[in-house]
Amino acid sequence: AADLICRLVLDHVPSSQVFRMDAQRRPNIGLDKNVEKVSSYDHQTRSFHFPSAERIQEQYKILVTTLVTAGRLISAKFRRDFFTHIFIDEAGYATEPECLIPIAGLASS
């Protein structure tokens, strides 16, 4: 579902402002080419990598990720005021703690 959201965002926002953050071990099979362009897929290693928090904060306005991968944002030490909005896709299928743990240190209020 995160890829679908990313494709829809790309219809309205320049790709230079969007980053699709994937799990490192996610298979690249069937990944939409437009989504791949805004992801960090490395064809040599056949895996996704995580850019530094500084690079993401300097370069991108919108970050699209899954609930599980969002947990990496806390360990990356993003500025607390970096995100103005946080939307959780498929939150209806998750428990409240599952939704809050990955974003607890990110929200400014």
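Buried here means under 20% relative accessible area, and exposed means over 50%. The model is predicted. By that cut-off, helix H4, residues 67-75, has Thr69, Ala70 and Leu73 as its buried residues. They sit on the same side of H4, because they cover an arc of only 110° around the axis. The face turned away from this buried side carries exposed Val68 and Ser75.

What do the buried residues of H4 pack against? Their partner is strand E4, residues 62-64. After H4 comes Lys77, with a positive phi near 60°.

## Nonpolar cores

The largest nonpolar core has 13 residues. Those touching the most other members are Phe19, Ile56, Leu63, Leu73, Phe78, Phe83 and Leu106. Helix H3 (53-59) and H4 are the elements that give two or more residues to this core.

Leu73 of H4 is buried. Beyond its neighbours within four places in sequence, Leu73 contacts Met21, Leu63, Phe78, Phe83 and Leu106. A second, separate core holds 12 residues, including Cys6, Leu10, Leu31 and Val64.

## The chain as a whole

The chain has 5 helices and 4 strands. Their order along the sequence is α-β-α-β-β-α-β-α-α. Of contacts between residues at least 6 apart in sequence, 58% join residues at least 24 apart.

The C-alpha trace spans about 40 × 30 × 30 Å along its principal axes. Of the 109 residues, 36% count as buried. Accessible surface totals about 7400 Å², with 53% belonging to carbon and sulfur atoms.

Terms used:
Residues are numbered from 1 along each chain as its sequence is written. This is a predicted model: local features need pLDDT of at least 70, side-chain atom pairs count only at pLDDT 80 or more; totals for chains, interfaces and linings use all residues. Side-chain values use heavy atoms; hydrogens and water are left out. Buried means under 20% relative accessible area, exposed over 50%, partly exposed in between (1.4 Å probe, protein chains only). The arc is that of the directions from the helix axis to the C-beta atoms. Contact means heavy atoms within 4.5 Å. A nonpolar core is a set of buried Ala, Val, Leu, Ile, Met, Phe, Trp, Tyr and Cys residues joined through side-chain atoms within 4.5 Å. Accessible areas come from the Shrake-Rupley method with a 1.4 Å probe; for residues, only the protein chains shown count as cover.
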